[in-house]
Amino acid sequence: MAGDVAREALRARVRAMPWAVRLQLRALEAGVDATQRRDGTVNRFLFSLLVDRQAPANPARPDALGVRSVDVTVDASTGVRARVYFSAPTATDTETSPRPVIVFFHGGGFTYFSAATRPYDALCRTICRETGAVVVSVSYRLAPEHRFPAAYDDGEAALRYLATTGLPAEVPVRADLARCFLAGDSAGANIAHHVAQRWTAAATPPPIRLAGLLLLAAYFGGVDRTESELVLEGVAPIVNLRRSDFWWKAFLPEGADRNHPAAHVTGEAGPEPELPEAFPPAMVVVGGLDPLQDYGRQYAAMLRRKGKEVRVVEFPDAVHAFYFFPVLPDTGKLVAEIKAFVGSIGPEPVA
């Protein structure tokens with residue numbers, strides 16, 4: 001009885017969101033469910049028709065925020081591309097003030113979306129404008145056509161591209177590659193963690209220095225269900241056990257379970273990951289109506305045990321992917337937190 005009352009209270013909090021937001025979330029859920037085939041594949045054509053509206057790049061003219069974007073090829077051999085966002089130089093931009101770089105990985109359970117997906121395009125534009133950073137949003141290869149570790153390989157490829165090629169000629173600002181942040185939401189946050197772990201473990205030469213991690217509603221997992229997964233099952237939008245299991249099965253190696261190191265990184269069901277000394281400070285964003293919230297807190301606790309700097313930012317009434325919706329007050333608060341985190345980390349001191 002007490003459990004029923006608690007679940008009804010959670011449902012009431014979800015219903016408190018604006019009706020237009022709830023309608024769009026339902027449409028997203030319907031599109032995901034309609035395109036997940038029984039054989040574990042995804043009907044991408046149908047998904048593009050139902051859900052995945054694409055925004056074009058705008059290299060010539062800035063948008064209403066003053067942001068332009070250009071699409072680049074990261075790796076011609078794999079077809080991986082990225083969209084680079086930048087705002088126009090201002091009177092305070094000089095040769096001595098290069099911009100930080102935020103490499104962003106979109107979510108979608110490793111199986112959906114791209115840098116051009118409209119909510120991600122809009123979010124990256126806002127982050128670019130508010131932080132002053134150059135944002136590089138990566139369209140990594142999707143599962144199940146490209147399973148683990150393809151997405152992580154593509155993340156590393158994006159960093160190598162920046163290290164060797166730099167920003168494209170169409171971008172008239174300088175990038176500070178010693179202030180490179182990895183960011184992502186949901187599955188993209190998982191990718192950001194693993195790319196950071198790989199990059200800092202390798203003998204990577206300058207100019208790339210990872211200055212920070214921004215993990216929004218991080219998609220980690222485990223065979224044992226967390227309390228938040230169970231309590232919010234059938235209550236919270238987008239993420240439920242059935243969909244989540246589909247996404248992990250699509251991404252992980254054939255026969256692997258959710259305790260695979262790609263999914264389970266917090267040590268409850270196996271060894272904790274080895275984090276190099278250069279592993280960067282992290283900001284972990286947790287929504288109180290997101291079934292993944294326990295994984296976010298467990299991840300932050302693991303970082304602390306490893307002696308890493310971490311800041312947890314909680315939004316008690318936030319659902320998964322709340323940042324898709326600018327109308328929600330928490331979206332503006334999140335962008336302000338991202339701006340503060342990026343601004344708090346300066347260039348590496350000169351030895």
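Biologist: Why are H4 and H10 called oblique to each other?

Modeller: The axes of H4 and helix H10 (residues 329-344) cross at roughly 50° and come within 9 Å. Axes here are lines fitted to C-alpha atoms, for helices over the stretch in contact, and angles run from 0 to 180 degrees between N-to-C directions. Angles under 35 degrees count as roughly parallel, over 145 as roughly antiparallel, 65 to 115 as roughly perpendicular and the rest as oblique. H4 and H10 are therefore oblique to each other. The crossing of H4 and H10 is right-handed; by definition, the near helix is turned clockwise from the far one by less than a right angle in a right-handed crossing, and anticlockwise in a left-handed one.

Biologist: Which residues make the contact of H4 with H10?

Modeller: H4 contributes Thr 126, Ile 127, Glu 130 and Thr 131, and H10 contributes Val 335, Ile 338 and Lys 339; contact means heavy atoms within 4.5 Å. By class, these residues divide into three nonpolar, two polar and two charged. Ala, Val, Leu, Ile, Met, Phe, Trp, Tyr, Cys and Pro count as nonpolar, Asp, Glu, Lys and Arg as charged, and the others, Gly among them, as polar.

Biologist: On what basis are these values given?

Modeller: This is a predicted model, in which local features need pLDDT of at least 70 and side-chain atom pairs count only at pLDDT 80 or more, while totals for chains, interfaces and linings use all residues. Residues are numbered from 1 along each chain as its sequence is written, and side-chain values use heavy atoms, with hydrogens and water left out. Helices (H or I, at least four residues) and strands (E, at least two) are DSSP runs, numbered from the N terminus.

Biologist: What makes H5 oblique to H6?

Modeller: Helix H5 (residues 150-165) packs against helix H6 (residues 187-201) at an angle of about 60°, with their axes 9 Å apart. That angle makes H5 oblique to H6. H5 passes H6 in a right-handed crossing. Among the residues in contact are Tyr 152, Leu 159 and Arg 160 of H5 and Ile 191, His 194 and Trp 199 of H6. The contact of H5 with H6 has six nonpolar, three polar and four charged residues.

Biologist: Why are H2 and H8 also called oblique?

Modeller: Helix H2 (residues 19-35) and helix H8 (residues 241-251) have axes that cross at roughly 50° and come within 12 Å. H2 and H8 are therefore oblique to each other. H2 passes H8 in a left-handed crossing. Glu 29, Val 32 and Asp 33 of H2 meet Arg 242, Arg 243 and Trp 247 of H8. By class, the contact of H2 with H8 has two nonpolar, no polar and four charged residues.

Biologist: How do you know that Leu 289 is buried?

Modeller: Buried means under 20% relative accessible area, exposed over 50%, and partly exposed in between (1.4 Å probe, protein chains only). Leu 289 has a relative accessible area of 0%, so the residue is buried. Leu 289 is found in the loop between strand E7 (282-287) and helix H9 (293-305). Leaving aside neighbours within four places in sequence, the contacts of Leu 289 include Leu 10, Leu 232, Pro 316 and His 320.

Biologist: What makes Thr 226 count as buried?

Modeller: The relative accessible area of Thr 226 is 7%, so Thr 226 is buried. Thr 226 is placed in the loop between strand E6 (210-216) and helix H7 (227-231). Not counting residues up to four places away in sequence, Thr 226 touches Pro 291, Asp 294, Tyr 295 and Gln 298.

Biologist: What sets the backbone at Phe 110 apart?

Modeller: Phi of Phe 110 is near 65°, a positive value in a residue other than glycine. Most residues other than glycine have a negative phi, and most peptide bonds are trans. Phe 110 is found in the loop between strand E3 (99-105) and helix H4 (118-131) and, at a relative accessible area of 1%, is buried. Ala 217 likewise has a positive phi, near 50°, and counts as buried at 9% relative accessibility.

Biologist: Where does the model have a cis peptide bond?

Modeller: The bond from Ala 143 to Pro 144 is cis, with omega near 5°. The bond from Phe 148 to Pro 149 is cis, with omega near 5°. Pro 144 is found in the loop between strand E4 (134-139) and H5, and Pro 149 lies in the loop between E4 and H5.
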